[in-house]
Amino acid sequence: MFSKKASKTLMSAVLGTMLLVTGCGGGGSATPSTDGGNAAAPAPSTGKKVINIGLKADPPSMDPNISTSLYDRQVYASLYDKLFEIDPTGKLVPMLAESYEVTPDGKTYTFKLKQGVKFHDGTEFDAEAVKFNFERNMTDAKSKRKGDMKFVESVAVVDKNTVKVQMKEPFAPFLSILADRGGTMVSPAAVKQYGDQYLNHPVGTGPFVFVEQVKGDHVTLKKNENYWNGAPKVDEVTYKVFTNGTAKVQNLRSGMLDIIDDTPVKEIPAVKGDSNLQLTAESGWGFQGLYLNNSRAPFDNKFLRQAVDAAIDREALVKVLFNGYAAPAHTAFAKGSLAYNEALNTPVAPDAAKIKDLLAQGGQPNGFSFKLYITSSPENEQLGAVLQNMWKQHGINATLEKLEYGQLLETGEKGEFDALQLGWSGRQDPDQNFHDFVVSGTSNNDGRINLPKLDELVLKARSEVDETKRKALYEEATKLLQDEAGYSYMYHQYVLIGMNKKVTGFTYVPDGLIRTATLDKQ
C-alpha cells in the first residue's frame with residue numbers, strides 16, 4: 001500500500017513538474033489563435049449557416065478502409081453512414097440496414113437494406129454496394145479492416161435490397177463492428193474511379209458531402225440536400241485542427257468555433273464559467289496507455305516492461321492531470337463494458353522495493369534509459385513529463401520525443417520505437433478494445449505482443465456467444481497481459497465536448513463522436 005508520506009512527496013514532485021511544463025509551453029495568448037499562434041481573423045459572412053468544429057489532431061485519412069484514427073471517425077460521422085448505429089444509450093440500432101436476422105448457430109446473417117438511399121455521386125446504395133464494401137475490407141492489400149472481417153466466409157446478394165453474410169464461425173462482436181468503420185459504406189464507383197487516391201475523393205451516403213481537406217488545417221463538408229434521413233439544418237460543417245487545446249478553447253470562447261471535440265482539463269473552469277458555453281463530460285469506453293515495444297531492447301525484457309508499468313502511479317496521474325475527469329485503468333475495459341472487472345481494473349500503487357527487484361531481475365539493477373514518443377500537444381507534453389518524473393524516482397530515465405499525430409501513428413505501425421503513448425477511443429464490444437491491440441500480427445498491435453496463449457484466449461472470446469463465458473475469457477486474458485506488461489494501461493479518458501449554447505440539436509452518444517445531421521445554429 002502506498003504510504004501517505006510517499007504519496008504526498010510524489011504529488012509535490014508531480015505538481016512541480018506540471019507547473020514547469022505549463023509555464024514553458026502550455027499557456028496560450030489571450031488572442032484567439034490557430035496553432036501557429038496567429039490571430040484567427042473573422043471569416044467574411046457568406047450567408048451560409050456553418051458549424052465549425054475544433055479537432056485535437058489532423059484526420060489522417062478519409063478512407064475508412066485504411067483508417068486507424070479517432071479524428072477520421074469524427075469526420076466520418078458526417079460524411080458516411082454505416083449499416084448499424086449506436087444510440088444514446090449505447091445500444092446498437094439499424095442504420096443503412098433496415099432489419100436483420102441471424103440463424104440460431106450464429107453463422108448466417110441476412111440484412112434487409114434501406115431503399116431509396118444514394119451515394120453523394122448519385123449512384124445507388126444497394127446490396128451490390130454492401131458486398132463490394134465487405135469484400136474490399138476483406139481483401140484489399142492495405143485494408144486495416146481485415147481483422148474485423150476475419151470470420152466472414154462469403155457475402156451474397158440475395159436481391160437488390162437483401163444481403164446474406166456467411167460466417168466461418170460465430171463472431172460475437174460482428175454487429176458492433178458494422179456500427180463502426182467495418183460497416184461504413186463507401187461508393188464503389190468512386191473507389192473504382194480513384195483507386196489509391198480515393199482518400200482524397202471520399203464519397204459516402206451521409207448528411208454532408210466532402211468539399212476539401214487541407215492537411216493540418218481543415219476539412220470542409222457541405223450539406224447533402226438529398227440525405228435519406230432528411231436534409232441537415234446547416235449548410236456546411238468545417239473541422240479545424242487545433243493541436244493546442246488552449247488555443248482551441250480560446251477560439252470556442254470567441255465564437256470562431258462552435259464545438260470542440262476535447263476540452264483540456266485546465267480549461268474546464270473557463271468553459272463552465274462562460275455563460276455562452278456548455279460542457280458535456282461523460283466517461284468514455286476507451287483507454288490511454290503506453291505501447292512498450294516487445295520486439296526490441298529494452299522492452300523485449302519482460303522484467304523491464306513490468307518495472308515501467310509498476311512505477312506509474314495512476315491515481316496520482318489522474319488526480320493531478322485530469323482533476324477527476326478520467327478514471328485510473330489497468331485493463332482495456334471501462335465501466336459499462338461486458339468485460340469490466342473492478343478488481344482487475346484497480347491499479348496497484350507503486351512499490352519501490354518491488355520495482356527495484358524487477359530491475360535487478362531484468363539485469364538493470366541501477367536502472368536504464370529509453371525513448372518515449374508522444375504527440376506534440378501541450379497536454380501530452382504534461383503527461384510525458386509527469387511519467388518521466390514518476391520513473392526517474394526508480395532510476396528509469398525516459399527521453400521524450402514529440403511527433404505530429406500522423407507521424408506518431410506511422411512510427412507505431414513501423415515498430416520504430418522503444419515506447420509510444422497512444423490510446424484508443426473505445427468501442428461498444430470488448431473485442432474491439434482488445435483483439436487488434438494484443439493478438440499477434442494484428443493491425444493495432446504496435447507493441448508487437450506475441451503470446452500464443454493470449455491469442456488463444458482472445459480468439460475464443462470473440463467466438464463465444466455466452467456473455468458469462470466471454471467475460472471469463474477476457475479476465476483470464478487480462479491477467480496474462482498484466483503479468484507480461486505487454487501494453488501499459490494508464491487511464492480511461494472522459495469525453496469532454498465543449499459547445500456554444502447557440503448550437504442546438506446535439507445528442508451525446510457514448511462513442512464520443514459528434515453527430516452533425518441534427519445540429520442547428522441559432
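In the predicted model, Ala316, Leu317 and Leu321 of α9 meet Gln382, Leu383, Val386, Leu387 and Met390 of α12, where contact means heavy atoms within 4.5 Å. By class, this contact of α9 with α12 holds seven nonpolar, one polar and no charged residues; Ala, Val, Leu, Ile, Met, Phe, Trp, Tyr, Cys and Pro count as nonpolar, Asp, Glu, Lys and Arg as charged, and the others, Gly among them, as polar. Two packed helices are described by the angle between their axes and the distance between the axes. The axes of α9 and α12 (residues 378-392) cross at roughly 145° and come within 11 Å. Axes here are lines fitted to C-alpha atoms, for helices over the stretch in contact, with angles running from 0 to 180 degrees between N-to-C directions. The crossing of α9 and α12 is right-handed; a crossing has this hand if the near helix is turned clockwise from the far one by less than a right angle, and is left-handed if anticlockwise. Helices (H or I, at least four residues) and strands (E, at least two) are DSSP runs, numbered from the N terminus.

This is a predicted model, in which local features need pLDDT of at least 70 and side-chain atom pairs count only at pLDDT 80 or more, while totals for chains, interfaces and linings use all residues. Residues are numbered from 1 along each chain as its sequence is written, and side-chain values use heavy atoms, with hydrogens and water left out.

The α8 and α11 crossing is left-handed. On the α8 side, Phe303, Leu304, Gln306, Ala307 and Ala310 meet Ile355, Leu358, Leu359 and Gln361 of α11. In the loop between β13 (288-292) and α8 lies Pro298, joined to Ala297 by a cis peptide bond with omega of about 5°.

Turning to the strands, β1 (residues 50-55) is largely enclosed by the rest of the structure, because six of its six residues are buried (buried is under 20% relative accessible area, exposed over 50%, and partly exposed in between, with a 1.4 Å probe and protein chains only). In a regular strand the side chains alternate between the two faces of the sheet. Both faces of β1 are covered, with Val50, Asn52 and Gly54 buried on one side and Ile51, Ile53 and Leu55 buried on the other. Strand β1 pairs with β10 (residues 236-241) in the parallel sense over six bridges, and Gly54 stands opposite Lys240. Two strands pair if DSSP finds at least two bridges between them. With β11 (residues 259-260), β1 pairs in the parallel sense over two bridges, and Ile259 is the bridge partner of Ile53.

Thr238, in β10, is buried at 5% relative accessible area. Leaving aside neighbours within four places in sequence, Thr238 is in contact with Val50, Ile51, Asn52, Ile53, His218, Val219 and Thr220.

Positive phi values occur at Asn323, near 50°, and at Arg448, near 55°. Asn323, in the loop between α9 and β14 (326-328), is exposed at 58%. Arg448, in the loop between α14 (435-438) and α15 (452-463), is partly exposed at 29%.
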